[in-house]
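Here are a few exercises to work through with the coordinates open. Try each one yourself before reading its solution.

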Amino acid sequence: MSTTSTERTSTGAAGAGTPARKPATMAQALNTALRDALREDPAVHVLGEDVGTLGGVFRITDGLAAEFGDARCTDTPLAEAGILGTAVGMAMYGLRPVVEMQFDAFAYPAFEQLVSHVAKMRNRTRGRLPMPITVRVPYGGGIGGVEHHSDSSEAYYLHTPGLHVVTPATVADAYGLLRASIASDDPVIFLEPKRLYWSKADWSPDAPERVDALGRAAVRRSGTSATLITYGPSVPVCLEAAEAATAEGWDLEVVDLRSLVPFDDETVCASVRRTGRAVVVHESSGFGGAGAEIAARVTERCFHHLEAPVLRVAGFDIPYPPPMLERHHLPGVDRILDAVARLQWEDD
Amino acid sequence: MTVLEQPGTTGHTPPPAWQPRTDPAPLLPDAEPFRLLGTPDSDGLDAGLLRTLYRHLVRGRRYNRQATALTKQGRLAVYPSSTGQEACEVAAALALEERDWLFPSYRDTLAVVARGVDPVEALTLLRGDWHTGYDPVEHRVAPLSTPLATQLPHAVGLAHAARLRGDDVVALAMVGDGGTSEGDFHEALNFAAVWQAPVVFLVQNNGFAISVPLDKQTAAPSLAHKAVGYGMPGRLVDGNDAAAVHSVLSDAVSRARSGGGPTLVEAVTYRIDAHTNADDATRYRTDEQVEQWLRHDPVALVERELRGRGLLDDDAAKAVADDAEAMAADLRERMNADPVLDPMDLFAHVYAEPTPQLREQAEQLRAELDAEAETDGEHGREAGAR
């Protein structure tokens, strides 16, 4: 299987007979993915806080309870460990639960169930009790959320063997990756970038693009000068930075990881070997974060191709700031371009 | 201008309560633990059931002794004994039908064995060769849970799923008195009651969470009273009276199976041994207390009942003891053999498909094992040459 996808955020003109593409939001794509999964597989059950009548605080489950009934799309008591813990039992009986955690920081009560049971059940039972559970977590900042509503919690999850950690950056991927996550026989932490919920792209709900397997990165912009390695909410920021960089004469490649676990070493390293320079960009804190792992992996595998140390642009190592200050915390175009400028260019 | 209709009233009808108040009285546990053995009600007990309980209790006591001995011999890494609690262990297993599920905690290997799991397979967790040595699906026994109370929401979810699928399956989940302080206990009971899931929660209240006594654990009138707050019945039973525990659990299982919802059962019992072989119980409890509980022994209670009713003589008792001895001998013999381990199993069941990273790491381990084997081979040849 080819490892280097050349997907773009929006593809070109549709040919004859191709279903109509029209502007859709990431939220709509996620909603459609859940609806299609519920339709196709009676084992799929959605559960969480406010996912039924209300359709979720972000309306990602809008209309599902009405269409499939309360038993398939269930408003649970307000208790995250209970939600995930009962999902474990449902999975033990052969169901395929899709759990919604209302916000990133409100998923923490479920942490013990996640680490001690969801991640380990397959292993401790020698494969007899797989955990095909998808845990959807709206994550990240940039929406003006008050305290405990803007965490980037991916590092906690990706350090736990047994979990997959997936995050979409495009409308098409929101559908494709969520369907692939629900279809996975292993637990997937599906991190939904809150601030991209209302991002739009041309997309066909009647014939949405599928993702064959988790663990493949996508090159969102081809370039030759340096590689920006990123995921989730930082992908559009990096694409914007890459456009701005052309004014400086830099042609930046942007790799959207899509999946932190499994990690696509091949696509990332192929890009860095080509460009010789790399910056990892994410909005969660840098220390001990995903970028540290990525920088280490790239250095271990591409050292002799590197013209400069792999740099990281990340959120500061601070508790997530109040919304009126968050723009100073989040990596923006300027901070990314500053890092690119420090990649030891020959004319420096 | 607001005018009060009647002096001394607020002048309006308050909004109705969010839900109709239910009468808590039927949910309340009895003031004293329910007992059968040695009471006038014991006459009605089925002889076959008493004999079955007795056989399992004697085996269970012998199993506990054997596992403790194996720990002293280094064959088990640790053993949390259920000596003194055999009535709860055995009754929990016997109250279930084959299609039902048992959710044990780490102290409940005896319940797992009484359910029909091979004792060697039940003990792999505590021997340390694999976390779950038995097939949980074949036996419908969840993995032994070492984190406290986390298995309770699993039981609720499984029972709920079974009901959604139209199967009349009941889940019975076991937890200790200490576990009732955990958040997962609360969440599991709340979910179970809201969903009316066919679950039975069995709390073995043995008075201590390792060293911490119950009065430092809870201020509730009893642990069974906690049920009332969730809207499910709480039942208090003498946990050393196997017939009473079996009766209360069987009623709760039937109730759950017929759509009556969950029940919380508190069985009052005592851990005769220390928390584990690594614990020193003399630091937190008196010999007098232990002696008092030894006089209320679950095996002796059933034996007394059987002999009093002429249902057991010395020959029959010896046959039961011999059967238990044979089980112990078999367990001892098989546990004295070193388990055969394949280090490559470390990577076998992390994911359905190993990630590229795990494949690399498995190759690394494979190379290390090959190098080890080669070195061992050389050592072997050297030894042979000498």
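**Exercise 1: sizing up the two chains**

Of the 386 residues of chain B, 46% count as buried. Keep in mind that this is a predicted model. Work out how chain B is built, then do likewise for chain A.

Solution. Start with the secondary structure: chain B has 14 helices and seven strands. Next, take the extents of its C-alpha trace, which come to about 110 × 65 × 45 Å along the principal axes. Then look at the contacts in chain B with a separation of 6 or more: 76% of them are between residues 24 or more positions apart.

Now over to chain A, with its 12 helices and 14 strands. Its radius of gyration is 20 Å, close to the 20 Å the globule rule gives for 348 residues, so chain A is as compact as a globular protein of that length. The C-alpha trace of chain A spans about 65 × 50 × 45 Å along its principal axes. Of its 348 residues, 56% count as buried. As for contacts in chain A between residues at least 6 apart in sequence, 80% join residues at least 24 apart.

**Exercise 2: where the chains meet**

Solution. First the head count: 36 residues come from chain A and 33 residues from chain B. On the chain A side, helices H3 (80–92), H4 (111–118) and H5 (121–124) each supply at least two residues. H3(A) gives the most, with nine residues. Finally, sort the chain A side by class: 16 residues are nonpolar, 12 are polar and eight are charged.

**Exercise 3: checking a helix**

Does the length of helix H1 of chain A agree or disagree with its residue count? Which of its residues are buried?

Solution. H1 of chain A runs over residues 26–40, which makes 15 residues. At 1.5 Å a residue they should span 21 Å, and the end C-alpha atoms are 21 Å apart, so the two agree. For burial, go along the helix: the buried residues of H1(A) include A:Met26, A:Ala27, A:Gln28, A:Ala29, A:Leu30 and A:Asn31. Further along, A:Ala33, A:Leu34, A:Ala37 and A:Leu38 are buried too.

**Exercise 4: one loop residue**

Where does B:Asp345 lie, and is it buried or exposed?

Solution. B:Asp345 sits in the loop between helices H13 (314–335) and H14 (356–385) of chain B. Count its C-beta neighbours inside 10 Å: there are 12, so B:Asp345 counts as exposed. For a distance check, pair B:Asp345 with B:Ala114, 231 residues away along the chain; their C-alpha atoms are 29 Å apart.

Key
Residues numbered from 1 in each chain as written. Chains lettered and ligands numbered in written order. Predicted model: local features only at pLDDT ≥ 70, side-chain atom pairs only at ≥ 80, totals over all residues. Contact = placed C-beta atoms within 7 Å. Helix = DSSP H or I, 4+ residues; strand = E, 2+ residues; numbered from the N terminus. Nonpolar A, V, L, I, M, F, W, Y, C, P; charged D, E, K, R; others polar. Expected span 1.5 Å × (residues − 1). Buried ≥ 20, exposed ≤ 12 C-beta atoms within 10 Å, placed from the backbone. Rg over C-alpha atoms; globule rule 2.2 N^0.38 Å.
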